[in-house]
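Here is a short briefing to read with the model open beside you. Have a look at the overall fold before going on to the details.

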Amino acid sequence: MASGRGKEAAAGERPAPKRITADYLRRAALHYLERYSVPAVQLQRVLLRKVERSCRHHGQDPQAFRTAVEEIVRSCVASSLVDDRRFAEARAQSLRRKGRSARAVAAGLATKGVERGLVAEVVATDEETELDAARIAARRKRLGPWSRGDRVAQRQKHIAALARAGFSLAIARAVIDDAGEGG
């Protein structure tokens with residue numbers, strides 16, 4: 001099958017990567033940011049992977065493009081296309097709505113490359129917020145008041161499941177022993 005680049009790729013193979021230029025990297029960054037909201041570190045990882053793949057294929061030195069990648073990331077941050085705080089707040093809210101604990105949210109943000117200080121600010125939570133997230137998690141996993149079956153026999157397993165999800169033992173017990181109110 002012929003690709004638009006004039007070379008043929010075998011069925012199931014990816015086409016050869018384009019040769020890296022500063023203009024190509026800028027367009028790739030903008031295209032990526034159209035689809036995803038990411039922190040600066042994640043954008044840099046994506047661009048460096050593109051550079052690495054292209055340089056490996058074309059026999060170039062990837063270090064030669066490191067400064068171009070850093071400049072593009074800086075310009076995206078300066079023009080507010082990339083905002084770590086906005087990303088962290090939105091991601092934290094999304095994960096909380098899914099029933100993730102404060103620990104799980106913090107770990108998820110750290111994995112994406114958000115700085116520790118910002119993670120601590122965004123994830124700072126009160127007990128009521130944590131309790132609401134635990135109720136959501138229990139309902140989604142059908143634990144405690146939302147389980148089908150013998151709640152008494154499964155109590156310890158349900159508490160353990162919430163504890164593994166990052167909730168404190170007190171919160172897990174409160175949700176599992178709850179009669180289903182508040183959720």
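What radius of gyration does the protein chain have, beside that of a compact globule of 183 residues? The protein chain has 23 Å, whereas a compact globule of that length would have a value near 16 Å. The radius is taken over C-alpha atoms, and the globule rule is 2.2 Å times the number of residues to the power 0.38.

Please keep in mind that this is a predicted model, in which local features need pLDDT of at least 70, side-chain atom pairs count only at pLDDT 80 or more, and totals for chains, interfaces and linings use all residues. Residues are numbered from 1 along each chain as its sequence is written, and side-chain values use heavy atoms, with hydrogens and water left out.

**Overall picture**

- The protein chain holds 9 helices and 0 strands; these are DSSP runs numbered from the N terminus, with helices being H or I of at least four residues and strands E of at least two.
- Read from the N terminus on, the order of elements is α-α-α-α-α-α-α-α-α.
- Along the principal axes, the C-alpha atoms fill a box of roughly 65 × 40 × 25 Å.
- Buried residues make up 36% of the 183 residues, where buried means under 20% relative accessible area, exposed over 50%, and partly exposed in between (1.4 Å probe, protein chains only).
- Of the contacts (heavy atoms within 4.5 Å) with a separation of 6 or more, 62% are between residues 24 or more positions apart.

**Nonpolar cores**

- In soluble globular proteins, nonpolar side chains tend to be buried together.
- A nonpolar core here is a set of buried Ala, Val, Leu, Ile, Met, Phe, Trp, Tyr and Cys residues joined through side-chain atoms within 4.5 Å.
- The largest nonpolar core has 21 residues, of which Leu25, Leu43, Leu47 and Val51 touch the most other members.
- Helix H1 (22-35), helix H2 (40-58) and helix H3 (66-78) each give at least two residues to this core.
- Another core lies apart from it and has 15 residues, including Leu131, Leu143, Leu162 and Ile171.
- Beyond its neighbours within four places in sequence, Leu25 is in contact with Ile20, Leu47, Val51, Ala68, Val69 and Ile72.

**Helix H4 and its cover**

- The 14 residues of H4 should span 20 Å at 1.5 Å a residue, and its end C-alpha atoms are 20 Å apart, which agrees; the expected span is 1.5 Å times one less than the number of residues.
- Asp84, Phe87, Ala88, Ala92, Leu95 and Arg96 are the buried residues of H4.

- In H6 (residues 116-123), the buried residues are Leu118, Val119, Val122 and Val123.
- Seen down the axis, the buried residues of H6 fall within an arc of 115°, so they line one face of the helix.
- An α-helix has 3.6 residues a turn, so residues three or four places apart point the same way.
- Arg116, Ala120 and Glu121 are exposed on the face of H6 turned away from its buried side.
- Helix H4 (84-97) and helix H5 (102-112) are what the buried residues of H6 pack against.

**Loop residues worth a look**

- Ser80, in the loop between H3 and H4, has a positive phi of about 65° although it is not a glycine.
- With 46% relative accessibility, Ser80 counts as partly exposed.
- Arg142, in the loop between H7 and helix H8 (151-164), has a positive phi of about 55° and is not a glycine either.
- Arg142 counts as partly exposed at 46% relative accessibility.
- Ser101 sits in the loop between H4 and H5 and is buried, with a relative accessible area of 0%.
- Not counting residues up to four places away in sequence, Ser101 touches Arg96, Glu130, Ala165, Gly166 and Phe167.

Definitions and conventions. The arc is that of the directions from the helix axis to the C-beta atoms.
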